Amino acid sequence: RMHNIKSFTVRLGTARVFQASTVLLCGLLATSGCGLLHAAMHAPTGVMSLFRGGIGLASLVASQQVYERGAAVDSNVPSQVYAFYMFVWKLFYGAYAALPFAR
């Protein structure tokens, strides 16, 4: 605690905040994946349907990977948290690259 400020993590603990963040990210990825699969079924063209369906499936797989990798992380070991953090950034970059194809 710097300057006697009680942050969210200090009050709840690193493990609980890490777990809550991981669950939230999994939920967001799964929801976007389901939304894209739904949009794929109603796409105006077959190509758009393939793009949206593929990205939707990739989002669901990413959600599963975040859950599995997050469960294996000990939030008190900085190297494990850092490796998970870098994995999440790779997912974000991949999602950003896929955005133009999901329009």
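This note goes through the predicted model in numbered points, from its overall form to individual residues.

1. Basis of the values. The model is predicted, so that local features need pLDDT of at least 70 and side-chain atom pairs count only at pLDDT 80 or more, while totals for chains, interfaces and linings use all residues. Residues are numbered from 1 along each chain as its sequence is written, and side-chain values use heavy atoms, with hydrogens and water left out.

2. Secondary structure and overall form. The protein has four helices and zero strands, where helices (H or I, at least four residues) and strands (E, at least two) are DSSP runs numbered from the N terminus. Read from the N terminus, the order of elements is α-α-α-α. The protein is more spread out than a compact globule, because its radius of gyration of 17 Å is well over the 13 Å that the globule rule gives for 103 residues; the radius is taken over C-alpha atoms, and the rule is 2.2 Å times the number of residues to the power 0.38. The C-alpha trace spans about 55 × 25 × 20 Å along its principal axes.

3. Among contacts (heavy atoms within 4.5 Å) between residues at least 6 apart in sequence, 54% join residues at least 24 apart.

4. Cysteines. A search of the whole structure finds zero disulfides, a disulfide being a pair of cysteine sulfur atoms within 2.5 Å. Cys26 is in no disulfide, and the nearest cysteine sulfur, that of Cys34, is 13 Å away; this separation is too far for a bond. The two residues also fall into separate accessibility classes, since Cys26 counts as buried at 8% relative accessibility, whereas Cys34 counts as partly exposed at 46%.

5. Ser63 has its place in helix H3, which covers residues 46–71, and is buried with a relative accessible area of 9%. Leaving aside neighbours within four places in sequence, Ser63 is in contact with Cys26, Leu29 and Ala30, and of these partners Cys26 is itself buried. Gln64 also lies in helix H3, but is partly exposed, with a relative accessible area of 43%. The C-alpha atoms of Gln64 and Gly27 are separated by 9.8 Å, although the two residues are 37 apart along the chain.

6. Phe18 in helix H2. Phe18 is found in helix H2, residues 14–41, and is buried with a relative accessible area of 15%. Beyond neighbours within four places in sequence, Phe18 is in contact with Gly70, Val73, Ser75 and Phe84. Phe18 and Asp74 are 9.3 Å apart in space, C-alpha to C-alpha, while being 56 residues apart in sequence.

7. Nonpolar patch. Tyr82, Tyr85, Met86, Trp89, Phe92 and Tyr93 form a nonpolar patch on the surface, with about 680 Å² of accessible area together. Patches are made of residues with over 30% relative accessible area and no salt bridge, in which like charges are joined within 9 Å and nonpolar side chains (Val, Leu, Ile, Met, Phe, Trp, Tyr) within 5 Å; a salt bridge is a side-chain nitrogen of Lys or Arg within 4 Å of a carboxyl oxygen of Asp or Glu. Phe92 is found in helix H4, residues 78–98, and counts as partly exposed at 41% relative accessibility. Trp89 lies in helix H4 and counts as partly exposed at 34%. The C-alpha atoms of Trp89 and Leu50, which are 39 residues apart along the chain, are separated by 25 Å.

Definitions and conventions:
Areas by Shrake-Rupley, 256 points an atom, 1.4 Å probe, with all protein chains shown as cover. Buried < 20%, exposed > 50% of the residue type's maximum accessible area, 1.4 Å probe, protein only.
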